[in-house]
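Trainee: Could you take me through this structure, one question at a time, with the criteria spelled out?

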Amino acid sequence: MLTLLTEPTPHQLAAHCRTYILGVTSGVLMSNKSGNRVHLMYLPLLADLDRAGRYSWSSTCLAHLYREMCRAIYITSKKIEGCIVLLQS
């Protein structure tokens with residue numbers, strides 16, 4: 001786990017923010033079946049943190065969950081990806 005210094009530089013602060021957002025994105029919002037891997041397609045989205053705040057993350061999360069629900073209907077499917085908390089609510 002990364003620890004933040006008492007007086008971080010703006011570059012260090014942005015790196016910690018990107019790491020945290022990536023962890024939340026891959027661990028909660030759009031999780032995968034392995035539970036410990038991050039899909040690399042999210043990395044470019046976090047390059048500019050100001051722009052990343054304007055993305056529709058909720059729509060992305062819902063679309064990902066719908067796609068995984070469609071995949072879960074097959075008999076060979078053992079697990080489901082996505083924000084299961086959203087499905088349970």
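Mentor: We begin with accessibility: buried means under 20% relative accessible area, exposed means over 50%, and partly exposed lies in between, using a 1.4 Å probe and protein chains only. This is a predicted model, in which local features need pLDDT of at least 70 and side-chain atom pairs count only at pLDDT 80 or more, while totals for chains, interfaces and linings use all residues. Residues are numbered from 1 along each chain as its sequence is written, and side-chain values use heavy atoms, with hydrogens and water left out.

Trainee: Is R67 buried, exposed or partly exposed?

Mentor: The relative accessibility of R67 is 39%. Because this value lies between the limits of 20% and 50%, R67 counts as partly exposed.

Trainee: In which helix do R71 and E68 lie?

Mentor: Helices (H or I, at least four residues) and strands (E, at least two) are DSSP runs numbered from the N terminus. R71 and E68 are three residues apart, about one turn of the helix. R71 is partly exposed at 45% relative accessible area, whereas E68 is buried at 2%. The element that holds both spans residues 57–71 and is helix α3.

Trainee: Which residues does H64 touch, not counting those up to four places away in sequence?

Mentor: H64 belongs to helix α3 and, with a relative accessibility of 8%, counts as buried. Taking contact to mean heavy atoms within 4.5 Å, the residues touched by H64, leaving out those up to four places away in sequence, are M30, S31, E81 and G82.

Trainee: What kind of pair do the rings of Y55 and W57 form?

Mentor: Rings of Phe, Tyr and Trp (its six-membered ring) pair if their centres lie within 6.5 Å, and planes under 30 degrees apart count as stacked, over 60 as edge-to-face and the rest as tilted. The structure holds one aromatic pair. Since the ring centres of Y55 and W57 are 6.0 Å apart and their planes stand at 70°, the pair is edge-to-face.
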